[in-house]
Amino acid sequence: MFYILFAAAIAVAVSGNIYDVVLTERGLKAKVGVEGWDEFVGANPSTRALYIRDAAFTAPFVVLPLVSYLLGNTPLAYGALAGPVVAGIKHVMGGMKWAKL
């Protein structure tokens with residue numbers, strides 16, 4: 001059961017990331033805004049830079065539940081499944097900001 005929920009949480013995180021990056025790229029190409037979180041990628045980032053930055057942001061939230069489950073801390077593993085889901089929701093919210101522009 002854990003692996004099914006883990007796969008669903010990763011799917012939410014990855015799909016939210018893809019949505020955010022696609023709309024960010026559209027907005028940057030249309031010159032309707034600039035990237036708000038540009039400390040690592042600059043004001044006009046490439047698609048690759050956005051995916052790498054967002055993957056680095058999401059990675060700890062994906063690793064924690066898996067490591068917790070493999071080490072036998074099942075309650076922490078199930079609780080930590082919220083991390084990738086929240087990261088995915090954060091990306092969807094960022095994409096929605098670009099969609100409004």
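Y3 is partly exposed, with a relative accessible area of 45%. The scale is simple: buried is under 20% relative accessible area, exposed is over 50%, and partly exposed lies in between (1.4 Å probe, protein chains only). F2 has a relative accessibility of 1%, so F2 counts as buried. This is a predicted model, in which local features need pLDDT of at least 70, side-chain atom pairs count only at pLDDT 80 or more, and totals for chains, interfaces and linings use all residues. Residues are numbered from 1 along each chain as its sequence is written, and side-chain values use heavy atoms, with hydrogens and water left out.

Now the whole chain. The chain has 4 helices and 0 strands. In sequence order the pattern is α-α-α-α. Helices (H or I, at least four residues) and strands (E, at least two) are DSSP runs, numbered from the N terminus. The C-alpha trace spans about 50 × 25 × 15 Å along its principal axes. The chain has 101 residues, and 33% of them count as buried. Take the contacts with a separation of 6 or more: 66% of them join residues 24 or more positions apart. Contact means heavy atoms within 4.5 Å.

Next, the helix packing. Helix α1 covers residues 2-29 and helix α4 covers residues 82-100; they pack at an angle of about 20°, with axes 7 Å apart. Axes are lines fitted to C-alpha atoms, for helices over the stretch in contact, and angles run from 0 to 180 degrees between N-to-C directions. α1 and α4 are therefore roughly parallel. The classes are under 35 degrees for roughly parallel, over 145 for roughly antiparallel, 65 to 115 for roughly perpendicular, and oblique for the rest. The crossing of α1 past α4 is left-handed. A crossing is left-handed if the near helix is turned anticlockwise from the far one by less than a right angle, and right-handed if clockwise. On the α1 side, the contact includes G16, N17, Y19, D20 and T24; on the α4 side, it includes G88, H91, V92 and G95.

Helix α2 (residues 47-70) also meets α1. Their axes come within 10 Å and cross at roughly 165°. That makes α1 roughly antiparallel to α2. Here α1 passes α2 in a right-handed crossing. Among the α1 residues that meet α2 are F2, Y3, F6, N17, D20 and T24; among their α2 partners are D54, T58 and Y69.

H91 lies in helix α4. H91 counts as buried, at 0% relative accessibility. Beyond its neighbours within four places in sequence, H91 contacts G16, N17, Y19, D20, D54, F57 and T58. T24 sits in helix α1. At 2% relative accessibility, T24 is also buried. T24 and A11 are 13 residues apart along the chain, and their C-alpha atoms are 20 Å apart.

Finally, the aromatic rings. The whole structure holds 6 aromatic pairs. F2 and Y3 form an edge-to-face pair, because their ring centres are 5.5 Å apart and their planes lie at 75°. Rings of Phe, Tyr and Trp (its six-membered ring) pair if their centres lie within 6.5 Å; planes under 30 degrees apart count as stacked, over 60 as edge-to-face and the rest as tilted. Ring pairs link F2, Y3, F6, Y69 and Y78 into a cluster.
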